[in-house]
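I opened the notebook to record what I looked up, one topic at a time. The entries follow below.

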Amino acid sequence: MASLGFVCLLIAFVLCFYGAGAAIYGVRTGRMQYVESGRRSVYALAGVLTVCFAVLEVAFVRNDFLFNTVAETSSRTTPLAYRLAAVWSSQEGSLLLWAWLMSIWSSLALFLVRRRIREVAAWATAILLGFAAFFIGLMLFYADPFTTRRPLPVEGAGLDPLLRFPTMMIHPPMLYSGYTISVIPLAFAMGALISRRVDAEWVRTIRRFSLAGWMFLGAGILLGARWSYSELGWGGYWGWDAVENASLMPWLTATAFLHSLMLQEKRGMLKVWNFSLVLATGVLTIMGTFLVRSGILNSIHAFGGATLGVPFVTLIGVLIVASIYLVVSRLPLLRSEHRLDSLFSRESVFLANNIVLVALAFVIFWGTYFPLISRAVTGQESAVGPPWFDRYTVPLALLLVLLSGIGPVIAWRRTTLGDLRRNLAFPCGALIVTLAAMFATGIAASSITAAVMFSLAAFVLASVGQEFYRGVKARRAVSHEPPPRALFALVQRNRRRYGGYIVHVGIAALFIGVAASSSFQHASELTLTPGHSTKVGAYRLTYVKPTATVTPRYDTAHTGSTLNLGAVVAVSKEGHHVATLYPSEGYYASDESTQGTVGALIGGQPVSHVAIDGGITRDVWTAIAPDIEAPALKRIVKIGNRTLAPGDAVVAIAYLARAYLHHPPPAQFHFIVSPLVLWIWIGGLIVVFGAAIAIWPSPHAVRRTVVARVRSRQLGTANA
Amino acid sequence: MVVVLAFLVLLVVVVVVTAPLRRRDGERPPEHHAERVADLEAAREAKYHEIRDAELDLRTGKLQERDFDELNTSLRAEALAILTKLEAARAEGAEEATTRGA
């Protein structure tokens with residue numbers, strides 16, 4: 001079946017060139033049947049790449065080690081769910097996922113706009129197929145997922161244990177969906193510039209895709225943070241890692257675009273800025289993909305030994321030059337139709353919000369690429385760490401939260417000072433009361449930054465709450481509906497507005513969680529023996545007894561580990577039992593025969609299985625690093641290596657587990673008590689919920705589509 | 001087996017992609033006018049949405065009556081201009097359809 005996959009890749013590659021050529025020929029000659037043929041090429045591409053993806057998935061499910069990528073990233077001991085997700089753990093598989101998702105989302109976008117802005121859509125079709133050709137070309141010439149190997153290996157190397165985590169099954173598809181959907185606005189923006197149709201129509205057409213890309217990218221980033229927090233064993237959710245930053249940058253510029261596009265829609269303003277933001281988001285998206293695959297910067301998320309730097313640099317160079325040329329050559333068409341009427345207007349707040357977001361993206365860009373910049377200038381690579389990022393991003397984040405509270409209560413065009421005073425009185429009151437409470441409780445003395453963030457979050461919540469209250473009141477004055485029904489109807493009729501407000505609430509909740517957990521965290525790293533305890537913050541944590549499980553079948557974390565050593569940890573507060581936690585560390589088989597028959601069974605990368613007692617107010621986070629190198633345990637491995645055949649080696653592992661249970665060596669523990677971490681995830685869910693409301697078409701839009709379809713059919717019948 | 005499957009995939013791709021090129025002229029939808037009408041309808045809906053937004057701003061106390069009147073007048077004038085263009089595009093489309101039919 002590997003050859004079927006490869007042939008389908010070849011068909012897909014040719015299809016990209018045909019489709020792009022047909023779309024360009026059609027739009028240039030006015031023969032729209034060729035444009036339609038080009039669009040259908042995208043649909044066909046989605047179908048062909050689905051076949052490729054299915055072939056690879058089936059190979060992983062069937063443990064078909066004839067496929068090189070299956071042999072390198074999967075094994076019989078890898079649980080089925082993780083085998084399904086192992087497809088995108090390799091360079092080749094993830095390229096296929098990229099191309100496949102892009103073809104699907106592009107098909108959906110082109111299908112939805114098939115009766116609108118045809119000229120722009122035709123150019124967008126060609127550009128999207130160009131991107132697809134690039135990624136399929138990478139697979140064909142650099143990283144073929146259908147390469148086979150002989151002789152056929154008996155067992156595969158297995159999936160990287162760090163990736164055996166439920167979140168990792170959906171994090172990459174979410175992130176890649178965000179990346180690939182973000183390319184769609186880029187293609188339409190370029191199409192609008194090429195065809196000189198730079199009015200608000202293209203903005204209206206791609207708004208939902210920009211929002212969807214933003215939502216998926218945000219969800220992907222958050223799932224990555226969750227994975228980091230729950231799996232990596234360091235207790236943090238954000239480490240300003242190069243790849244994390246690479247996904248955050250396009251998210252920030254996309255956030256700026258989602259606000260500034262309203263200015264073009266409503267007022268015909270900021271056209272150059274909007275084009276620049278969309279193009280920058282697209283380029284940053286490709287740069288993020290480049291960072292993961294080029295091996296140019298060190299990151300836990302990057303593919304090791306990656307060699308795709310040159311093709312990506314070429315693509316990025318072409319994109320930047322083309323973007324600048326298109327914007328500069330169309331400058332006379334991009335003049336603003338209106339100017340700012342007043343500084344006290346929503347336009348001004350959006351402008352300020354855009355400046356802050358772009359400044360944030362720039363700071364992160366500088367910090368991320370600093371190692372490359374320093375290497376180019378001084379010849380020595382030096383990196384900047386979290387304190388550097390915090391110094392610049394924290395003030396900007398505070399400003400951003402403040403603006404997200406002002407935006408909802410200020411009117412378009414102009415607001416009188418009286419209106420401003422009236423609309424901001426309640427949110428400002430909430431801010432002042434919260435700030436006073438922060439000083440009264442001593443929170444401000446511990447961390448003034450956190451106190452200011454809490455107060456600003458209260459400001460946002462009050463501002464949005466006031467908007468909902470007034471909206472419901474206004475609706476009830478007309479409809480006399482009960483409040484819940486009025487609220488539902490209000491949101492249903494104004495999904496974009498209230499969906500956006502809900503997103504602001506989510507962002508405020510998320511920042512509350514970030515500020516609290518980073519400012520008021522208690523952590524302790526120490527060695528304990530059974531029966532001993534330590535105090536972390538207000539909690540006492542006691543190492544009750546060791547735990548051990550052998551063979552993948554009994555692995556309680558269901559990750560396919562050969563051996564799992566852990567601990568029972570009792571958590572109490574002021575003498576009262578709070579929770580019992582079971583942190584452990586999994587040991588996995590390695591394919592290195594030099595480790596011996598027993599050593600190879602547990603010689604892979606050990607992975608910490610964190611145990612968390614999460615709650616609304618705080619998380620108690622525990623991780624353990626058992627001393628598997630203790631002399632008594634090491635001796636069992638040594639003797640097993642000398643005396644046991646591969647088939648019997650697991651007996652030594654069972655003996656080792658028993659020895660660990662009866663004579664546990666001191667274990668290294670990492671305990672963290674963090675307040676309000678849960679609010680980061682709750683905030684993220686609220687953001688996704690709000691974005692989904694804003695994306696969903698309003699009843700008016702659905703009705704309009706149906707009417708337009710009927711009219712189009714009527715006109716078609718008349719013509720025939 | 002693989003050859004047959006690959007041939008099938010290729011066949012389906014060719015059929016799907018070339019369908020518009022095989023279509024007779026009369027079956028082709030009236031794209032230009034339909035597109036223009038669809039674009040103007042989208043613009044009209046966006047303008048209506050803006051008017052509803054302004055009304056909501058007035059009712060929720062973000063806009064004063066005087067500012068709302070000014071804004072509402074200009075938005076309604078813009079909506080009227082779109083409606084005029086929309087009627088013209090529809091009439092043009094219907095006229096062309098009648099001419100072709102004749």
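**Entry 1: chain B.** I began with contacts, where two residues are in contact if their C-beta atoms, placed from the backbone, lie within 7 Å. In chain B, residues 24 or more positions apart account for 79% of the contacts with a separation of 6 or more. I then looked up helices (DSSP runs of H or I, at least four residues) and strands (DSSP runs of E, at least two), both numbered from the N terminus. Chain B has three helices and zero strands, and its pattern along the sequence is α-α-α. For burial I noted that a residue is buried if 20 or more other C-beta atoms lie within 10 Å of its own, exposed if 12 or fewer, and partly exposed in between, with C-beta atoms placed from the backbone. Of the 102 residues in chain B, 24% are buried.

**Entry 2: what kind of model.** This is a predicted model, in which local features need pLDDT of at least 70 and side-chain atom pairs count only at pLDDT 80 or more, while totals for chains, interfaces and linings use all residues. Residues are numbered from 1 along each chain as its sequence is written, and chains are lettered from A and ligands numbered from 1 in the order in which they are written. I noted that pLDDT is the predictor's confidence in each residue, from 0 to 100. Chain A has a mean pLDDT of 89, with 94% of its residues at 70 or more. Over residues 715–720 of chain A, pLDDT stays under 50, and the model has 14 contacts for them beyond four places in sequence.

**Entry 3: two helices.** How are two packed helices described? By the angle between their axes and the distance between the axes. Axes are lines fitted to C-alpha atoms, for helices over the stretch in contact, and angles run from 0 to 180 degrees between N-to-C directions. I looked up helix 18 (residues 495–519) and helix 22 (residues 678–695) of chain A, which pack at an angle of about 170 degrees with their axes 7 Å apart. Helix 18 and helix 22 of chain A are therefore roughly antiparallel to each other (angles over 145 degrees count so; under 35 is roughly parallel, 65 to 115 roughly perpendicular, and the rest oblique). The residues of this contact divide into 18 nonpolar, seven polar and two charged. Here Ala, Val, Leu, Ile, Met, Phe, Trp, Tyr, Cys and Pro count as nonpolar, Asp, Glu, Lys and Arg as charged, and the others, Gly among them, as polar.

Entry 4: Two strands pair if DSSP finds at least two bridges between them. Chain A has an open sheet of four strands in the order 1-10-9-8, with antiparallel pairing. Which are the edge strands? They are strand 1 (522–528) and strand 8 (611–614) of chain A, each of which pairs on one side only. The twist averages 15 degrees from one strand to the next. Strand 1 and strand 10 (residues 667–675) of chain A run antiparallel and are joined by seven bridges. A:Glu525 has A:His670 in strand 10 of chain A as its bridge partner.

**Entry 5: strand 6.** In strand 6 (residues 584–587) of chain A, A:Ser584 and A:Gly586 point one way and A:Glu585 and A:Tyr587 the other way, and all are buried. Strand 4 (residues 563–573) of chain A is antiparallel to strand 6 and joined to it by four bridges, and A:Leu563 stands opposite A:Tyr587. Strand 7 (residues 607–609) of chain A is also antiparallel to strand 6, through three bridges, with A:Val607 the bridge partner of A:Gly586.

**Entry 6: loops.** A:Asn63 is in the loop between helix 2 (32–61) and helix 3 (68–73) of chain A. Its phi is near 55 degrees, a positive value in a residue other than glycine. Is A:His480 buried or exposed? A:His480 is exposed, with 8 other C-beta atoms within 10 Å. A:His480 also has a positive phi, of about 55 degrees. A cis peptide bond joins A:Arg150 and A:Pro151, with omega about -5 degrees. Leaving aside neighbours within four places in sequence, A:Arg76 is in contact with A:Asn63 and A:Glu155.
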